[in-house]
Amino acid sequence: MTARQRSGSGALRRAGLNREKVLTTAIAIADEGGTESLSMRKLAKELGVEAMSLYNHIAHKSDLLDAMIDVVFGEIEFPTDHGDWRAAIRQRAISTREALNRHRWANGLMESRLTPGPANMRLHDAAMGCLREGGFSIVNAIHAYSLLDAYVYGFALQEKTLPYEGAEEIAAHAQAQMAQFQAQLAHYPYLREVVGGYVAEGNFDFGDEFLFGLDIILDGLERLRGVG
């Protein structure tokens with residue numbers, strides 16, 4: 001291929017480049033290796049362009065992260081039916097956890113952006129509106145929102161860092177622990193009961209605990225409606 005042909009090929013790639021394609025590729029890189037694996041040079045290479053071409057679509061790395069986070073917010077189902085605040089807020093929490101499990105790099109960045117995008121603001125406004133129209137005072141709506149976010153983000157973070165996934169893997173891990181620490185566990189009867197009995201028999205999946213905790217929180221929040 002001649003230099004002119006290569007130049008023409010590059011021009012075609014640049015012509016097909018847009019912000020959406022940049023973001024989709026950046027998110028794919030982060031999904032695979034986290035944001036630490038994402039650089040402007042690597043992103044440009046994946047897109048088949050020179051790094052400078054990216055700046056026609058994003059201002060800088062922080063702008064890229066802002067936009068990537070807004071894409072994740074856009075994947076979260078936001079409350080539209082304010083007639084049943086509990087069902088709407090419950091589904092919003094479930095959808096948030098699902099998005100964070102798809103994009104595990106995003107946890108810790110979701111509420112840290114100083115320049116939130118439209119999907120971010122739409123979701124926050126819809127959730128707060130659902131609580132307010134559901135009968136919560138402004139103070140208790142803020143309490144509820146803060147508690148729910150802390151629970152969802154915290155649960156997803158713990159899921160992200162677990163060395164196993166699913167009841168089968170957890171059971172195998174528990175069985176290995178019982179074999180390795182059998183003598184020590186003899187001094188901890190309740191831990192032995194949980195690990196060696198319940199968990200090792202395949203009865204426990206950490207992911208199943210999410211809805212249990214979420215429903216307890218929602219039950220508690222119900223008592224705040226119409227108060228304050």
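This is a predicted model: local features need pLDDT of at least 70, side-chain atom pairs count only at pLDDT 80 or more; totals for chains, interfaces and linings use all residues.
Residues are numbered from 1 along each chain as its sequence is written, and side-chain values use heavy atoms, with hydrogens and water left out.

Let me start with the helix pair, where helices are DSSP runs of H or I with at least four residues, numbered from the N terminus. Helix 2, residues 19-33, packs against helix 3, residues 40-47, at an angle of about 115°, and their axes, which are lines fitted to C-alpha atoms over the stretch in contact, with angles running from 0 to 180 degrees between N-to-C directions, lie 10 Å apart. That makes the two helices roughly perpendicular, a term covering 65 to 115 degrees.

As for contacts, meaning heavy atoms within 4.5 Å, K21, V22, T25, A26 and I29 of helix 2 meet K42, L43, E46 and L47 of helix 3.

Now to the nonpolar cores, each a set of buried Ala, Val, Leu, Ile, Met, Phe, Trp, Tyr and Cys residues joined through side-chain atoms within 4.5 Å, where buried means under 20% relative accessible area with a 1.4 Å probe, protein chains only. The largest has 33 residues, and those touching the most other members are L43, L54, L64, M68, W105 and M110. Helix 5 gives the most to this core, namely seven residues. Leaving aside residues up to four places away in sequence, M68 touches L23, A26, I27, A30, L38 and W105. A second, separate core has 29 residues, including A141, F206, F210 and I217.

How values were computed:
Angles under 35 degrees count as roughly parallel, over 145 as roughly antiparallel, 65 to 115 as roughly perpendicular and the rest as oblique. Buried means under 20% relative accessible area, exposed over 50%, partly exposed in between (1.4 Å probe, protein chains only).
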